[in-house]
Amino acid sequence: MFLRQLTYLIALDHYRHFSRAAEHCNVSQPALSMAIRQLEHELGVPIVRRNRRVLGLTPEGERVLAWARQSVAALDGLRQEADFAHEVAGGTLSIGTIPPAIQIMPLLMESLRAAVPALHIELTVSANTDILRDLIEQRLQMGLIYLDQVPADGSFETHQLYSEQYVFVAGSRMELPSRKMFSWADAAEHPLGLLGHSMRTRQIVDECFTKAEVEPNVLLETNALELLYVELLAGRLATILPVAALPEQRDPANPLQIRRLASCPSPGVGLVRLKQAVQTALMSRSWEIATQLVLEDALTV
């Protein structure tokens, strides 16, 4: 059994297509197919369900895949340890973040690179549940997520960075009452653009509208914060977002109108990583730096 066979299997599961997996691994399709068949022969179990294309993995294949991911991740960690032993100030860190926390990432990355100048960061923006899954499958090494959805089974280490504060936001062209505090009924009277239902932010907002017994006027649902920002600044829609997710106010002539929301929950957002007996030097140093960030005061209005 060779490491390349395990790498090929991980790629095949990701792309579910022999040609695309082979292209990703920089080998020919026959070479990749032969390597997978050799792995099946060596282990004595069918791994891939085939027809003219990959139909998925067998139950045995799923177990082999989990073992392959652990082995490849362990080898990557060993390589990074060797790099640190040779005083190479670098390595690769894979981080997943929820969309409402995307504005926090430049602060985190700046702090990490100050300590590890040659650090290569792979950043993924995903929903809470997707980040937790990718941490378990070791596709990610660290996440920035809502901590209330982290399983309480001891599989993860967490560190809270801040508590979210939700606000009603509109562009300068939308007419709003002058008061600084809105009820959820006030918010429901305006045309809204909100994040999609798969996002924990939206689920919290929906719970607040339900508790207030009002129906919001939602005209746009999207997982793209950039699209919400466009509609917001154009004055076509208002939105409800955590303070951490508000866009930068670059145009003094078009300032955002921000209203605090009454009876608003304050869910904790923070760092999470898979609990492991041994962490790489890079992961240990990155976690130490990330957990020293102080954000609470900067994320209130």
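This is a predicted model: local features need pLDDT of at least 70, side-chain atom pairs count only at pLDDT 80 or more; totals for chains, interfaces and linings use all residues.
Helix α1, residues 3–15, packs against helix α3, residues 29–43, at an angle of about 110°, and their axes are 9 Å apart. Angles of 65 to 115 degrees count as roughly perpendicular, and α1 and α3 are therefore roughly perpendicular to each other. In passing α3, α1 makes a left-handed crossing.

Which residues make this contact? On the α1 side they are R4, Q5, L6, Y8, L9 and L12, and on the α3 side L32, A35, I36, Q38, L39 and E42. Sorted by class, the contact of α1 with α3 comprises eight nonpolar, two polar and two charged residues.

N26 sits in the loop between α2, residues 18–25, and α3. Its phi is near 60°, a positive value in a residue other than glycine. Is N26 buried or exposed? Its relative accessibility is 71%, so N26 counts as exposed.

Q138 also has a phi near 60°, again a positive value in a residue other than glycine. Q138 is found in the loop between α6, residues 128–136, and β5, residues 142–146. With a relative accessible area of 26%, Q138 is partly exposed.

I turn now to the interior. In soluble globular proteins, nonpolar side chains tend to be buried together. Here, the largest nonpolar core has 55 residues, and F168 and I240 touch the most other members. Helix α10, residues 281–290, supplies the largest share of this core, namely five residues. There is also a second, separate core of 21 residues, and its members include L6, A21, L57 and V72. L6, you will recall, is among the α1 residues in the contact with α3.

What does I240 touch, if we leave aside its neighbours within four places in sequence? I240 is in contact with Y166, V167 and F168, with W184 and A187, with L192, G193 and L194, and with V205, F209 and L261.

Finally, the chain as a whole. Its secondary structure comes to ten helices and 13 strands. Of its 301 residues, 48% count as buried. Among the contacts in the chain with a separation of 6 or more, 72% are between residues 24 or more positions apart. Taken along the principal axes, the C-alpha atoms fill a box of roughly 70 × 50 × 40 Å.

Note on methods. Residues are numbered from 1 along each chain as its sequence is written. Side-chain values use heavy atoms; hydrogens and water are left out. A nonpolar core is a set of buried Ala, Val, Leu, Ile, Met, Phe, Trp, Tyr and Cys residues joined through side-chain atoms within 4.5 Å. Buried means under 20% relative accessible area, exposed over 50%, partly exposed in between (1.4 Å probe, protein chains only). Helices (H or I, at least four residues) and strands (E, at least two) are DSSP runs, numbered from the N terminus. Contact means heavy atoms within 4.5 Å. Axes are lines fitted to C-alpha atoms, for helices over the stretch in contact, and angles run from 0 to 180 degrees between N-to-C directions. Angles under 35 degrees count as roughly parallel, over 145 as roughly antiparallel, 65 to 115 as roughly perpendicular and the rest as oblique. A crossing is left-handed if the near helix is turned anticlockwise from the far one by less than a right angle, and right-handed if clockwise. Ala, Val, Leu, Ile, Met, Phe, Trp, Tyr, Cys and Pro count as nonpolar, Asp, Glu, Lys and Arg as charged, and the others, Gly among them, as polar.
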